[in-house]
Amino acid sequence: MSAPAPQPAKEPQPPPEARASARRPRRLTRVWIVLAVVLLAGALAYGLVRRPEAVVVTVEVREVVDHVVVSGQLRAVREAAVGVEIGGTVEEVVAREGDHVVTGQELARIGLVDYEAQRQQSLARRDSSAAEAVVAALLASQSKADLRRTEELSRSGILPVAELETARNAVARLEAAEASARARREEDESALRLLDRQLEKRIVRAPFAGTVTRRAVEPGQSVGPGTALFLIAEMTRTEIYAETDENNVGRLHVGQPATVIAPAFRTRPFQARLTQIGPRIDWDRGVAGLRLTPENPPDVLLPNMTVDVSIEVARLPAAQTLPVSAVLRSRAGDFVLLATGDRFERRAIKVIGENPTTIAIENLPPGSRVAREAAKVDAGERYRMTAVR
């Protein structure tokens, strides 16, 4: 019988504790790898959640009405300071601020000392001189008749020449008395008319129809000749005065239409037309004065009321448009923040027209998306883009 084949010797096995220790590092490595992946995914997710949102708008092509918007003041074309020609104490004030007055309407009355007594004396003197003038005229007329009869009798030889000379001297004397009496009557009448004019001057009257915008007098106040007591504005003829930056002068010309709104009456806009530009530039402030004539303004407007004026300077039938908030201005030029991926970049543009809500531009490709609120985003930062129309 053959001997059995020899069996290979078995390698000695490590104890169970040693085998467990060998597997532990591999498990720990896998755990760390999984934990790192989870943390990385969490960080990415957190970053996406925390990324700020930016609203973008797409450039649209449509009609734009280009406006120059200014603030102005409604004022009367004719305004007058009304005063007195004589001095005295204010006896009565009839008109108040805000009153509408007509031409010749009484506004105030000045008291004159002893006016009635002076007028009665002057009237008495006038009446007396008038009566004396009538008597002198009758006597002169009678003496002339007597002279004619004396001349006839003298030619007939009935009366001597001496009586003829006496009659002639009487006529000359009475004619002189008549002329003197007539002169005194005219002098007294002139004095009476002067007093009557003084009476008229004591009454302050409106020189034209308008609105009393200022009252600077009260009863009992002493005033002198030429003192301004009232300011009256003729509101049937008004104008709007405004100022604009001198850079806008090249876009303006006489005749352009405008829409006017008084902040106190926003539901009642009215139309106006530009009637004057300049005539000069205010060097210190760099502004030009504008005058506009209102067309059918509402009757609720008051003198010196503030108004907002939107002057139409051009119509662009098909222009690239953006909201006003999407365009930023700087000394280097106008620009927008153009959306590229999840970031924004500055892009220079050219503004060709604007109104209070919309700006017409050039130099952007069709379909470009830009930040709607450009002042609230930063170029180069990542954003979650939200598109709106």
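Is Glu 63 buried, partly exposed or exposed, and at what relative accessibility? Glu 63 is partly exposed, at 44%, where buried means under 20% relative accessible area, exposed over 50%, and partly exposed in between (1.4 Å probe, protein chains only).

Welcome to this predicted model, in which local features need pLDDT of at least 70, side-chain atom pairs count only at pLDDT 80 or more, and totals for chains, interfaces and linings use all residues. Residues are numbered from 1 along each chain as its sequence is written, and side-chain values use heavy atoms, leaving out hydrogens and water.

**View 1. Glu 63 and Arg 315 form a salt bridge.** A salt bridge here is a side-chain nitrogen of Lys or Arg within 4 Å of a carboxyl oxygen of Asp or Glu. For this pair the N to O distance is 3.8 Å. Glu 63 sits in strand 2 (residues 60–83) and Arg 315 in strand 13 (residues 306–323), 252 residues apart; strands (E, at least two residues) are DSSP runs, numbered from the N terminus, as are helices (H or I, at least four). Arg 315 is partly exposed, at 47%.

**View 2. Asp 308 meets Arg 266 in a salt bridge.** Their closest N and O atoms are 3.8 Å apart. Asp 308 belongs to strand 13 and Arg 266 to strand 11 (residues 265–282), so the pair ties together parts 42 residues apart in sequence. Asp 308 is partly exposed at 26%, while Arg 266 is exposed at 52%.

**View 3. Glu 345 and Arg 347 pair up in a salt bridge.** Here the closest N and O atoms lie 3.0 Å apart. Glu 345 is partly exposed at 34%, and Arg 347 is partly exposed at 27%. The model's count comes to 20 salt bridges.
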